[in-house]
Amino acid sequence: MTTPALLPLSGRRIPPLNLGPPSFPHHRATLRLSEKFILLLILSAFITLCFGAFFFLPDSSKHKRFDLGLEDVLIPHVDAGKGAKNPGVFLIHGPDEHRHREEEERLRNKIRADHEKALEEAKEKLKKSREEIQAEIQTEKNKVVQEMKTKEKKPVPAAPIPNLIGTHGGDPEDNDLREKREKIKEMMKHAWDNYRIYGWGHNELRPIARKGHSTNIFGSSQMGATIVDALDTLYIMGLHDEFRDGQKWIENNLDFSVNSEVSVFEVNIRFIGGLLAAYYLSGEEIFKIKAVQLAEKLLPAFNTPTGIPWAMVNLKSGVGRNWGWASAGSSILAEFGTLHMEFVHLSYLTGNPVYYKKVMHIRKLLQKMDRPNGLYPNYLNPRTGRWGQYHTSVGGLGDSFYEYLLKAWLMSDKTDHEARKMYDDAIEAIEKHLIRKSRGGLTFIGEWKNGHLEKKMGHLACFAGGMFVLGADGSRMDQAGHYLELGAEIARTCHESYDRTALKLGPESFKFDGAVEAVAVRQAEKYYILRPEVIETYWYLWRFTHDPRYREWGWEAALAIEKYCRVNGGFSGVKDVYSSTPMHDDVQQSFFLAETLKYLYLLFSSDDLLPLDHWVFNTEAHPLPVLHLANTTLSRNPAVR
Ligand code: DMJ
């Protein structure tokens, strides 16, 4: 693996990226080797002495204790006092004593011979000159380095150059649709321009206070989250000046060597996903370089006893930890389970398998675990490898884990059958235990809490309508029709949750309780923060069915956003969708530009813009190309464009 020379960008030289395996660990390993060798010699001599002393002692007892895993010949000892079995510790006694004594003698001889041999070898070594020993150590070192190199180079399932089809166009060739699409583009410009004026470089915008905004997921640093998240939307809308502006800011200002503790998940889906999509769409190297630099900074989060990453990591120190509120120090399923797409692409682009290995390790670990009722709990402790509370959700804390199982399969050109199987198993259990029909005939996805189904569905869970239709083709026992229907039912329920409000915008979560259907009950659940999931589902349903109702519903949502969320300084969330005089929360979320407006734009475009057999959208709506993983190795791909 080579280190590509990087061109100076806008007068600033980007430090060369080491895209190959890091050399530091090899060095450390080889340094330890000489110490290890000397230690081995001393140890070998010491063990020989001990065994010698032990075996030449008089045989005063007939009951010898061994803890050497000699289960084949010795009898498990039951501790009479406690009556408890003590596996691994064995006593010799009983009628077969003679046979055991012979066996014992044979073993004793074998051990004695082995140790005499070891002692001889050690003596031989010590006879050698210093130079000879050094030469031998050097040979050993080279061998280890070689072994490590071969290990690193092991081919990973991989890809030829992806086919970048449908990055332009999408003109709907119908005046009404064209106007709608233009309107969405104008909304994007309004959101972007105001961020450009009032929030530039900050993570998000306060459109009413007209200043920058951030939350703890982005850490304490100004990382321009809105810029990175919005880039690909700007690109596909043809807003190229704005795109270049964002690119320049990234080239000159986006720095990951900051003392800032960020959410691994959020940074992955918004930054790495955003940068990778911008790279694939535009071909500009800088985006790939930044994505890889950032990924390197996230890797220390995986240094846990199980390899399940921490929720947060300090980009400078590499120290990780979990959210204080998560069940007994647990990591979150939707967080550590939503890295796969981006990490596989990183390995694909760099030829460095480290990212791929990290996410495959998570998958393997999850596969081995027991699942209550076949459901994945939302919490997993990264120290013990045990589940936390038995809560399962297709909304917050669980959602995109299921999405990424399906998308791993799609992204692999449908060759990652393991991912598809995990997805099929998971949604079967979800359908059985979480999906119900209300009295009024609305299908909803509830939340499973310690064996009890809470009849409440989050706005976040509305994405699942799109997921079901996206996964219909290739479903088990060809249940495509069933999943198309299920997706349509979820879309209808989520549309109802919008339609039953004063603002025609959906609440954060809604209940199905007696007479209450698809309506939020608690004040704290009545807000709408410009979320995309319902519109996302309309778009997938539109692509797979071409039923005009999804465009109608999407347009209703767009008009409601325009009417109630638009303010002079951008777009804001609202605190209560049931109140006809909206109170604004004064936050323009970065996902509004990354997702909500992108899905709306695609909904009014023709299907040739980012066709779904060539592109898979990450959970933040960043399109990544399908990789033909079955045919090649993950060698560095020199010319994606
Ligand atoms: C986005 O950041 C992503 O879609 C994520 O998977 C969940 N929610 C937000 C938007 O609501």
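Visitor: Which residues does Glu266 touch, not counting those up to four places away in sequence?
Guide: Ile217 and Phe271. Bear in mind that this is a predicted model.

Visitor: Where does Glu266 lie?
Guide: In helix α7, which covers residues 264-282.

Visitor: Is Glu266 buried or exposed?
Guide: Buried. The relative accessible area of Glu266 is 13%, and the cut-off for buried is under 20%.

Visitor: Take Glu508, then. Where is Glu508 found?
Guide: In a loop. The loop runs between α15 (480-499) and β17 (509-513).

Visitor: Why does Glu508 count as buried?
Guide: Because its relative accessibility is 13%.

Visitor: And which residues is Glu508 in contact with, leaving aside neighbours within four places in sequence?
Guide: Gly458, His459, Glu525, Tyr527 and Arg531.

Visitor: New topic: helix packing. At what angle do α12 and α13 pack?
Guide: About 145°, with the axes 8 Å apart. Helix α12 spans residues 399-411 and helix α13 spans residues 417-433.

Visitor: Left-handed or right-handed crossing?
Guide: The crossing of α12 and α13 is left-handed.

Visitor: Which residues meet there?
Guide: From α12, Tyr402, Leu405, Leu406, Ala408 and Trp409. From α13, His417, Ala419, Arg420, Met422, Tyr423, Ala426 and Ile430.

Visitor: How do the residues of that contact divide?
Guide: Ten are nonpolar, one is polar and one is charged.

Note on methods
Residues numbered from 1 in each chain as written. Predicted model: local features only at pLDDT ≥ 70, side-chain atom pairs only at ≥ 80, totals over all residues. Heavy atoms only, no water. Axes fitted to C-alpha atoms, helices over the stretch in contact; angles between N-to-C directions. Helix = DSSP H or I, 4+ residues; strand = E, 2+ residues; numbered from the N terminus. Left-handed = near helix turned anticlockwise from the far one by under 90°. Contact = heavy atoms within 4.5 Å. Nonpolar A, V, L, I, M, F, W, Y, C, P; charged D, E, K, R; others polar. Buried < 20%, exposed > 50% of the residue type's maximum accessible area, 1.4 Å probe, protein only.
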